[in-house]
Amino acid sequence: YDEDLLTQGGCAPMATTDLTGTTYQTGNTSLVYDSGAIFFSNSNGMTYCIDRDLNLVWSYQSGGSIYFTTPTIVDEFVFFGALDGHLYILDKTSGGLLDEKKVFTNKYLGDDYGSVASPAVFEVDGKYRVIMPISEGRGMSTRTGGYATATFNGSSISDIENVIDEIGMA
């Protein structure tokens, strides 16, 4: 139980933003528990940290809707993707944005769509390897998908590489 996580974090106000991607109200993602706090995202593009008494510790507004994909917590970082085709990395204690990068988008009916789902993250040689599912973000009608890899050095994302895999795609 990490008391510092709950006492150092502040409550960020819920921001409004124009979300990229189709917006539906699906509610919260699955919950992830780490270091005395609970983390989750919401279809409104927000990622939240709450304490065990369900009090808001912090919140962060992404630029895309988030459906069903939970954040990944590794060490002092929160990794998540959204329907704007971006990977976001936050400080676990404060909810402050450390970095975000566009990973994958595709044109559909004149607009850019993209989806980055829950990443797998592990440490290699002092850096974090991030592997995440990607698609054009059309949900139940996905036509292009695969995975992307990236490196995170504790402050910035680099070396993004996409691998499009049409196995299982109609």
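# Reading loops, strands and salt bridges

Trainee: Where in the structure is the place of Asn42?

Mentor: Look in the loop between strand S2 (37–41) and strand S3 (46–51). Strands are DSSP runs of E with at least two residues, and helices are runs of H or I with at least four, each numbered from the N terminus. This is a predicted model, in which local features need pLDDT of at least 70 and side-chain atom pairs count only at pLDDT 80 or more, while totals for chains, interfaces and linings use all residues. Residues are numbered from 1 along each chain as its sequence is written, and side-chain values use heavy atoms, leaving out hydrogens and water.

Trainee: Is Asn42 buried or exposed?

Mentor: Buried means under 20% relative accessible area, exposed means over 50%, and partly exposed is in between (1.4 Å probe, protein chains only). Asn42 has 13% relative accessibility, so Asn42 counts as buried.

Trainee: Which residues is Asn42 in contact with, leaving aside neighbours within four places in sequence?

Mentor: Contact means heavy atoms within 4.5 Å. For Asn42, those residues are Gly27, Asn28, Tyr48 and Ile66. The side chain of Asn28 also makes a polar contact of 2.5 Å with the side chain of Asn42. A polar contact is a pair of N or O atoms within 3.5 Å; within protein, one must be able to donate a hydrogen and the other to accept it, and residues adjacent in sequence count only if both atoms are side-chain atoms.

Trainee: Now for charges. How many salt bridges does a search of the whole structure find?

Mentor: A salt bridge is a side-chain nitrogen of Lys or Arg within 4 Å of a carboxyl oxygen of Asp or Glu. The search finds three. In one of them, the side chains of Asp34 and Lys92 meet at 2.7 Å, N to O. That pair links distant parts of the chain, 58 residues apart: Asp34 is in strand S1 (residues 32–34), and Lys92 is in the loop between S7 and strand S8 (97–102).

Trainee: Which residues make the other salt bridges?

Mentor: Glu76 forms one with Lys92, with 4.0 Å between the closest N and O atoms. Glu76 lies in the loop between strand S5 (72–74) and S6, and Lys92 in the loop between S7 and S8, so this pair ties together parts that are 16 residues apart in sequence. Asp99 and Lys101 also form a salt bridge, their closest N and O atoms being 3.1 Å apart. Through shared partners, Asp34, Glu76 and Lys92 are joined into one network.

Trainee: What about Asp84, which is buried: how far away is the nearest side chain of opposite charge?

Mentor: Lys and Arg count as positive and Asp and Glu as negative, while His and the chain ends are not counted. For Asp84 the nearest such side chain is Lys102, 10 Å away, and Asp84 has no salt bridge. Asp84 is found in the loop between strand S6 (77–81) and strand S7 (86–91).

Trainee: Let's turn to strands. Which strands pair with S14?

Mentor: Two strands pair if DSSP finds at least two bridges between them. Strand S13 (residues 127–135) pairs with S14 in the antiparallel sense over eight bridges, and Ile131 stands opposite Thr149 of S14. Strand S15 (residues 157–164) also runs antiparallel to S14, joined by six bridges. There, Asn162 in S15 is the bridge partner of Ala148.

Trainee: What comes between S14 and S15 in their hairpin?

Mentor: Four residues lie between the strands, and in this hairpin Gly154 takes a positive phi near 105°.

Trainee: Why is S14 described as largely enclosed by the rest of the structure?

Mentor: Because six of the eight residues of strand S14 (residues 145–152) are buried.
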